[in-house]
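Trainee: I have a new structure to read. Can you walk me through it, feature by feature?

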Amino acid sequence: MPTNVRVRIAPSPTGYLHLGLARTALFNWLFARHNNGTFIMRIDDTDAARSTEESLRDIVDSFRWLGIEWDEGVVVGGPYEPYIQSQRLSIYHEHAQRLLEMGKAYYCYCTQEELEEDRKRAQDERKPYIYSGKCRNISTEDRKKYEAEGRKPSIRLRVEDKILTVNDLIKGNVEFRTGLLGDFILVRPNGMPVYNFASAIDDMVMKISHIIRADEHLANTPRQILIYEAFDCPLPEFAHAPLVLGSKKEKLSKRHGATSVEEYREMGYLPEAMINYLVRLGWSYDDQEEVFSIDELIQKFSLDRVGKSAGIFDQQKLLWLNGEYILKMDIDARTNAVIPFLRKAGLLE
């Protein structure tokens with residue numbers, strides 16, 4: 001059993017709690033509970049234009065309706081406050097400054113127009129775009145000239161070409177060629193950290209032991225590892241779970257029906273049924289059991305039983321499972337559960 005388990009979920013407050021993110025949160029929560037660990041909820045709101053307080057409230061409410069409580073994080077607090085990224089900018093700037101002082105990062109004065117030109121040239125030559133490293137060893141004279149022009153620099157990490165091998169707890173060994181990343185941006189000219197920098201710094205500072213997330217984040221892993229390495233910080237364990245897909249094996253979207261936890265709550269689904277169903281999208285204990293209590297899931301959950309294939313969302317199976325949970329309710333509980341829906345329909349005062 002792993003020791004000192006610390007895991008996290010970091011939703012962006014740009015809408016309702018998506019089923020895929022809820023499933024990822026459940027994997028983290030069950031892993032923490034099974035290993036007597038700590039489950040943390042951070043908020044990734046660096047996309048200021050789309051983030052709203054209303055979405056944050058809705059996400060927190062959906063997690064609590066499911067019964068997923070967190071030990072540290074937004075609302076509940078903890079030793080690494082604040083847990084909202086937009087309130088942690090000074091922490092990211094401090095770490096970026098340390099990298100600059102160590103010579104592991106540098107100021108880049110390239111304009112957006114210059115970078116777009118380079119991208120277009122690479123596209124015309126049918127080559128992958130990799131930053132040229134033009135500002136890596138910029139002269140003092142050029143720096144002063146660019147600053148006099150009013151250019152605001154970004155901060156880039158110095159990346160050496162090598163092979164990174166990640167021992168993913170679900171996918172197995174995955175290799176990345178870092179030279180294909182180039183010297184990537186850590187902090188934008190406006191002072192905002194990019195996702196990979198903010199996330200890696202938070203994971204380091206908060207001592208996250210296992211990063212359990214959806215497969216779509218696998219491409220972020222090499223950048224985050226390089227940031228860890230730049231600070232000589234021990235790496236967490238990584239586990240990338242397969243995505244939740246629609247019936248035709250495409251990304252789950254509105255055309256498949258409801259995609260948020262809140263929508264299923266409003267339709268009358270029980271939280272226990274939602275948890276049971278979502279966990280089973282990618283995790284299995286054996287070929288026979290379908291219905292598990294929360295305590296059974298905590299007792300039996302492990303990452304080695306998470307499959308490598310995508311989970312296919314099946315509305316009919318969820319409906320059947322919800323019926324199983326409704327049948328287990330006594331008459332009083334069932335009556336109390338249905339009253340709000342009767343009132344909403346105008347059938348009760």
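**Reading the fold**

Mentor: Among contacts between residues at least 6 apart in sequence, 75% join residues at least 24 apart in this protein. Keep in mind that this is a predicted model.

Trainee: How many helices and strands are there in the protein?

Mentor: Count 12 helices and 12 strands. The C-alpha trace spans about 80 × 45 × 45 Å along its principal axes. The accessible surface comes to about 17900 Å², and 49% of that belongs to carbon and sulfur atoms.

Trainee: What share of the 349 residues is buried?

Mentor: Buried residues make up 47% of the 349. Now the general idea. In soluble globular proteins, nonpolar side chains tend to be buried together. Here, the largest nonpolar core has 55 residues. L66, M274 and F313 have the most contacts inside this core. Helix α1, residues 19-34, gives the largest share of the core, with nine residues. Another core lies apart from it, with 36 residues, among them L100, F176, F184 and L226.

Trainee: Which residues does M274 touch?

Mentor: Leave out residues up to four places away in sequence. M274 then touches L19, W65, L66, Y264, Y269 and L318.

Trainee: Let us turn to sheets. What is the strand order in the open sheet of three strands?

Mentor: The order is β1-β2-β3, and the pairing is parallel. The edge strands are β1 (6-9) and β3 (72-73), each pairing on one side only. β1 and β2 (residues 38-41) are joined by four bridges. Look for R8 in the model: its bridge partner in β2 is I40.

Trainee: Is R6 buried or exposed?

Mentor: R6 lies in strand β1. R6 counts as buried because its relative accessibility is 13%, and buried means under 20%. Its neighbours come from several parts of the chain. Beyond residues up to four places away in sequence, R6 touches T38, I40, E72, Y80, M206, K207, I208, S209 and H210.

Trainee: How far apart are R6 and H240?

Mentor: In sequence, R6 and H240 are 234 residues apart. In space, the distance is 16 Å, C-alpha to C-alpha.

Trainee: How do I read the two faces of a strand?

Mentor: Start with the general idea. In a regular strand the side chains alternate between the two faces of the sheet. Now take strand β5, residues 154-157. S154 and R156 lie on one side, I155 and L157 on the other. These four residues are all buried, and both faces of β5 are covered.

Trainee: Which strands pair with β5?

Mentor: Strand β4 (residues 105-108) pairs with β5 in the antiparallel sense, over four bridges. The bridge partner of C108 is S154 in β5. Strand β8 (residues 185-187) also pairs with β5 in the antiparallel sense, over two bridges. There, I155 stands opposite V187 in β8.

Trainee: How many aromatic pairs does a search of the whole structure find?

Mentor: The search finds nine. Ring pairs link F27, W283, Y285, F292 and F301 into a cluster.

Trainee: Which lysines lie over the face of a ring?

Mentor: K300 lies over the face of Y285, at 4.5 Å from the ring centre. Y285 also belongs to the ring cluster. K328 lies over the face of Y325, at 5.4 Å from the ring centre.

Trainee: Now the backbone. Where is the cis peptide bond that involves P82?

Mentor: Check the bond from E81 to P82. The peptide bond is cis there, with omega near -5°. P82 lies in the loop between β3 and α3 (89-101).

Trainee: What is phi of N4?

Mentor: Phi of N4 is near 50°, a positive value in a residue other than glycine. N4 sits in the segment before β1. N4 counts as exposed because its relative accessibility is 70%, and exposed means over 50%.

Trainee: And what about phi of D232?

Mentor: D232 has a positive phi of about 55°, although it is not a glycine. D232 is found in the loop between α7 (221-230) and β10 (237-241). With a relative accessible area of 66%, D232 is exposed.

Note on methods. Residues are numbered from 1 along each chain as its sequence is written. Side-chain values use heavy atoms; hydrogens and water are left out. Buried means under 20% relative accessible area, exposed over 50%, partly exposed in between (1.4 Å probe, protein chains only). Two strands pair if DSSP finds at least two bridges between them. Rings of Phe, Tyr and Trp (its six-membered ring) pair if their centres lie within 6.5 Å; planes under 30 degrees apart count as stacked, over 60 as edge-to-face and the rest as tilted. A charge sits over a ring if NZ of Lys or CZ of Arg is within 6 Å of the ring centre and within 35 degrees of the ring normal. Contact means heavy atoms within 4.5 Å. Accessible areas come from the Shrake-Rupley method with a 1.4 Å probe; for residues, only the protein chains shown count as cover. A nonpolar core is a set of buried Ala, Val, Leu, Ile, Met, Phe, Trp, Tyr and Cys residues joined through side-chain atoms within 4.5 Å.
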